[in-house]
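Good morning, and thank you for making time for this presentation. I would ask you to keep the sequence and the structure in view while I speak.

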Amino acid sequence: MKLTGPLIPRRMLAALLVATALVLPAAAGAGAPSTAHAFALYARGDYEAAAAELTPLAWAGDPRAQGLLGFLYEYGKGVPQNYLAAANWYASAAEQGEATAQYLLGLLYDKGHGVPRDVVLSQKWLILATAGASKRERDVYTRLRNAVATKMSPAQLATAQRLAIEWAPVRGLPAQ
């Protein structure tokens with residue numbers, strides 16, 4: 001099922017952040033979740049436990065937690081499949097410069113999953129992901145970036161490149 005529409009309204013986000021801020025200090029004292037532990041749970045296939053550990057970390061602004069939580073939502077692993085939630089978490093991580101989240105957000109824009117289909121924004125995020133990718137990921141990201149570019153007019157490609165050049169990371173963003 002493809003979900004599209006606006007991202008979470010800012011007022012709702014503010015209320016969720018306040019609620020999270022009240023809960024996190026209490027959780028921090030008793031076995032506080034960690035990104036490393038959540039990734040280990042994911043690697044073991046315990047997706048529900050991984051999602052439970054990632055959620056407060058993601059709300060606190062951890063870009064790696066946001067990216068993996070977005071992935072869990074995109075593929076319905078441990079949480080109900082929800083492209084809109086995936087797009088929100090990817091966007092928060094991508095805005096902070098998390099290359100994998102930028103890549104995955106670019107794919108969502110290319111497919112129109114959780115966001116309107118937009119090859120310009122897809123290309124922008126894929127350009128940024130390729131620039132920030134590890135050596136191991138760079139070839140895959142480059143191939144996909146180039147494949148999306150074949151769907152674009154020269155003007156669209158120039159716009160995407162300009163948006164990528166003008167982009168600057170913002171740290172500590174919760175989901176939008």
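This is a predicted model: local features need pLDDT of at least 70, side-chain atom pairs count only at pLDDT 80 or more; totals for chains, interfaces and linings use all residues.

The secondary structure consists of nine helices and zero strands, so the order of elements from the N terminus reads α-α-α-α-α-α-α-α-α. The chain has 176 residues, and 41% of them are buried. If we take contacts between residues at least 6 apart in sequence, 62% of these join residues at least 24 apart.

Helix α2 covers residues 35–44, and helix α3 covers residues 47–59. How do α2 and α3 run relative to each other, parallel or antiparallel? Their axes come within 8 Å and cross at roughly 155°. Since angles over 145 degrees count as roughly antiparallel, the two helices are therefore roughly antiparallel to each other. The crossing in which α2 passes α3 is left-handed. On the α2 side, the contact is made by Thr 35, His 37, Ala 38, Leu 41 and Tyr 42. On the α3 side, the contributors are Tyr 47, Ala 49, Ala 50, Glu 53, Leu 54 and Leu 57.

I now come to the aromatic residues. The structure holds six aromatic pairs, and I shall discuss two of them. In general, a pair of aromatic rings is described by the distance of the centres and the angle of the planes.

One of the pairs is formed by Tyr 42 and Phe 71, in an edge-to-face arrangement with 6.1 Å centre to centre and 85° between the planes. This pair links distant parts of the chain: Tyr 42 belongs to helix α2, Phe 71 to helix α4 (residues 63–75), and they are 29 residues apart. Are these two residues buried or partly exposed? Tyr 42 has a relative accessible area of 23% and is partly exposed; Phe 71, with 21%, is partly exposed as well. The cut-off for buried is under 20%, which is why neither residue is classed as buried.

The second pair is formed by Tyr 103 and Tyr 141, which are stacked, with 4.1 Å centre to centre and 10° between the planes. This pair, too, links distant parts of the chain: Tyr 103 lies in helix α6 (residues 99–111) and Tyr 141 in helix α8 (residues 135–149), 38 residues apart. Both tyrosines, Tyr 103 and Tyr 141, are buried.

Two further details concern aromatic rings. Tyr 42, Tyr 47, Phe 71 and Tyr 75 form one aromatic cluster. Separately, Arg 64 lies over the face of Phe 39, at 4.3 Å from the ring centre.

From α6, the contact involves Ala 99, Thr 100, Tyr 103, Leu 107 and Asp 110; from α8, it involves Glu 137, Val 140, Tyr 141, Leu 144 and Val 148.

Finally, I would draw attention to Asp 110, which is found in helix α6. At 12% relative accessibility, Asp 110 counts as buried. Leaving aside residues up to four places away in sequence, Asp 110 touches Arg 117, Val 119, Ser 122, Val 148 and Lys 151. Asp 110 and Lys 151 are 41 residues apart in sequence, with a C-alpha to C-alpha distance of 9.9 Å.

Terms used:
Residues are numbered from 1 along each chain as its sequence is written. Side-chain values use heavy atoms; hydrogens and water are left out. Rings of Phe, Tyr and Trp (its six-membered ring) pair if their centres lie within 6.5 Å; planes under 30 degrees apart count as stacked, over 60 as edge-to-face and the rest as tilted. Helices (H or I, at least four residues) and strands (E, at least two) are DSSP runs, numbered from the N terminus. Buried means under 20% relative accessible area, exposed over 50%, partly exposed in between (1.4 Å probe, protein chains only). A charge sits over a ring if NZ of Lys or CZ of Arg is within 6 Å of the ring centre and within 35 degrees of the ring normal. Axes are lines fitted to C-alpha atoms, for helices over the stretch in contact, and angles run from 0 to 180 degrees between N-to-C directions. Angles under 35 degrees count as roughly parallel, over 145 as roughly antiparallel, 65 to 115 as roughly perpendicular and the rest as oblique. A crossing is left-handed if the near helix is turned anticlockwise from the far one by less than a right angle, and right-handed if clockwise. Contact means heavy atoms within 4.5 Å.
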